[in-house]
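The sequence and structure come first, and the text follows.

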Amino acid sequence: MAEDLVLDTAIRDWVLIPLSVVMVLIGILRYFVSKLMRSSQIPDPKIVKEGQVIVRARNLRAGANFIPSKSFRARRVYFSNEENGLLHVPKGQAQNAQAQMFSDPNMAMDMMKKNLSMIIPQTLTFAWVNFFFSGFVAAKIPFPLTQRFRSMLQNGIDLSTVDVSYVSSRSWYFLNLFGLRGLFSLILGEENATDDTQRMMQMGGFGFDPSKSLGAEKDSLDIVQHEWALPKFEQRAETVLKNLVS
Amino acid sequence: MVTKTEETELNRLENQVDNGGGGAWEYLCLVKKLKVRRSDKVLKHGLSILNDPKRRSALGPEVWTLYEQVATAAMDCHCLDVAQDCIKVLQKKFPESKRVGRLEGILLEAKGSWAEAEKAYSSLLEDNPLDPVLHKRRVAIAKAQGNFPGAIEWLNKYLEIFMADHDAWRELAEIYVSLQMYKQAAFCYEELILSQPTVPLYHLAYADVLYTLGGLDNLQTAKKYYASTIDLTGGKNTKALFGICLCSSATAQLTKGRNKEDKESLDLQYLAGAALEKNYKQRAPDKLSVLSSALKSLKIS
């Protein structure tokens with residue numbers, strides 16, 4: 001493009017700066033709202049216990065060779081026998097996670113609260129930006145960029161002739177949405193920064209099923225071959241001492 | 001675990017603070033972060049901050065955690081009135097807090113009013129039945145009263161849920177050893193070895209328990225664990241060296257007249273004896289005669 005576009009200073013005063021300020025304020029507000037709605041969860045003893053059982057069984061699997069085989073066998077039976085082994089999950093009792101989620105109103109409630117504090121402000125601000133500031137250039141970045149950045153920086157403007165270094169208002173909104181984390185961690189303290197991207201990832205990883213991991217742990221414990229490592233240690237101790245004495 | 005660099009940093013800061021160089025708050029933060037027990041210093045420097053209104057207000061909301069830290073340190077040093085004052089301030093600020101309730105319980109414990117402390121913990125546990133600290137405090141109460149069977153009972157109840165907590169297993173093992181319940185102690189040490197297979201101290205303690213239990217099988221196993229301790233410590237553990245010698249002579253006595261022992265384990269015992277002698281020669285030459293007579297009585301040297 002031969003000539004530069006001239007941006008009105010009113011755009012800076014009435015679009016660029018207000019948009020950023022509003023995004024920051026909404027972030028802070030959301031932090032306090034979610035803090036208000038956060039309920040202290042009392043963990044379910046069964047789930048805590050299952051987690052601990054898994055850790056202990058994993059330790060047993062990893063360190064099996066360090067204890068005598070008699071002790072190992074006793075422990076394995078304790079964990080994986082078919083009657084009352086800790087890792088044995090009776091059939092039918094294994095709930096699936098979805099059902100559990102619906103049976104436990106607290107869980108659904110928590111999900112909803114999380115969504116409330118995340119999705120509602122986002123949709124509202126997006127609608128607001130779309131309504132008032134759609135379709136014009138709001139800023140120019142001081143260096144040239146390649147065409148590939150067009151979809152990132154000029155969202156909402158379908159002109160292929162505009163130089164890529166111009167930023168549309170809607171793109172400015174997205175940049176703010178994802179780029180203000182550093183600022184939030186300054187304002188609200190390290191851990192408190194509301195991190196949208198991370199939360200979105202968490203949403204995907206929902207639905208952990210403890211009984212499944214118990215079963216998996218049992219299977220892998222069943223196939224462990226116990227080979228006592230200690231007899232080897234005698235020889236190793238001998239070499240250590242030989243080096244020490246000589 | 002405290003790493004070496006962290007420890008040198010801590011000592012440097014402590015030195016600086018002790019000599020009036022400032023940085024008390026950083027020191028206290030580091031102590032809290034590393035969870036080390038230097039109660040006297042924490043009490044001294046923490047109080048100096050708390051008694052200075054200007055420095056206290058400079059901390060902002062962090063001051064409450066400082067109150068907690070100082071209260072705990074004060075109870076450790078048996079400055080109960082200081083602890084009481086700190087807890088009173090916290091109580092005023094957070095009237096409903098369980099964390100403050102816990103501190104009050106510990107204060108009752110420090111005063112020696114066991115029944116009241118127990119009552120406080122029970123009521124706290126009703127609200128939050130899965131607070132590991134409260135369960136551990138109950139064990140501590142039983143232990144402080146000399147009620148070891150009670151402590152074992154509480155610990156077992158605790159371990160039924162939190163079975164991956166190796167510190168609790170260690171505590172249980174030590175209580176069993178003190179009550180001479182070696183079989184149970186051996187189980188606990190096995191559990192510890194499983195959770196941290198490379199800590200030589202657990203191997204050593206397990207070997208000790210097995211040696212104390214006696215019997216040919218146990219003695220041979222004990223010897224193997226002494227050997228693994230030697231391997232893990234690079235032969236620097238004197239107790240393990242002695243353990244090898246004692247195990248060998250005990251097994252030799254048990255198998256006297258029966259089949260000849262294999263040559264290798266004999267080697268190990270002589271090597272252990274030689275390492276001991278070398279060690280004594282370097283560190284305590286005047287005790288060398290005692291050592292050699294002891295080894296002679298074990299028919300090693």
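In this predicted model, chain B and chain A bury about 3,200 Å² between them, and 69% of that area is on carbon and sulfur atoms. Chain B brings 37 residues to the contact and chain A brings 36 residues. Of the area that chain B buries against chain A, 21% comes from B:Met163, B:Leu194 and B:Lys224, more than from any other three residues.

Charged pairs also cross this boundary. Side chains of opposite charge can pair when their charged atoms come close. Over all chains, the whole structure holds 21 salt bridges, and the count between chain B and chain A is 4 salt bridges. Two of the pairs between the chains are listed here.

| Residue in chain A | Residue in chain B | Closest N to O distance |
|---|---|---|
| A:Arg75 | B:Glu190 | 2.8 Å |

Within chain B, two helix pairs can be described in turn.

For the pair formed by helix 6 (residues 80-93) of chain B and helix 7 (residues 98-111) of chain B, the axes come within 10 Å and cross at roughly 160 degrees. An angle over 145 degrees counts as roughly antiparallel, so helix 6 of chain B is roughly antiparallel to helix 7 of chain B. Their crossing is left-handed. On the side of helix 6 of chain B, the contact is made by B:Leu80, B:Ala83, B:Gln84, B:Ile87, B:Leu90 and B:Gln91. Helix 7 of chain B answers with B:Val100, B:Leu103, B:Glu104, B:Leu107, B:Ala110 and B:Lys111. By type, the residues of this contact are 8 nonpolar, 2 polar and 2 charged.

How do helix 2 and helix 3 of chain B lie, and at what angle do they pack? Helix 2 (residues 24-34) of chain B packs against helix 3 (residues 39-50) of chain B at about 135 degrees, with the axes 10 Å apart. The two helices are therefore oblique to each other. The crossing of helix 2 and helix 3 of chain B is left-handed. Helix 2 of chain B contributes B:Ala24, B:Trp25, B:Tyr27, B:Leu28 and B:Val31, which meet B:Lys41, B:Val42, B:His45, B:Gly46 and B:Ile49 of helix 3 of chain B. The residues of this contact comprise 7 nonpolar, 2 polar and 1 charged.

Note on methods. Residues are numbered from 1 along each chain as its sequence is written. Chains are lettered from A and ligands numbered from 1 in the order in which they are written. This is a predicted model: local features need pLDDT of at least 70, side-chain atom pairs count only at pLDDT 80 or more; totals for chains, interfaces and linings use all residues. Side-chain values use heavy atoms; hydrogens and water are left out. Axes are lines fitted to C-alpha atoms, for helices over the stretch in contact, and angles run from 0 to 180 degrees between N-to-C directions. Helices (H or I, at least four residues) and strands (E, at least two) are DSSP runs, numbered from the N terminus. Angles under 35 degrees count as roughly parallel, over 145 as roughly antiparallel, 65 to 115 as roughly perpendicular and the rest as oblique. A crossing is left-handed if the near helix is turned anticlockwise from the far one by less than a right angle, and right-handed if clockwise. Contact means heavy atoms within 4.5 Å. Ala, Val, Leu, Ile, Met, Phe, Trp, Tyr, Cys and Pro count as nonpolar, Asp, Glu, Lys and Arg as charged, and the others, Gly among them, as polar. Buried area is the accessible area (1.4 Å probe) that two parts lose on being put together, summed over both. A salt bridge is a side-chain nitrogen of Lys or Arg within 4 Å of a carboxyl oxygen of Asp or Glu.
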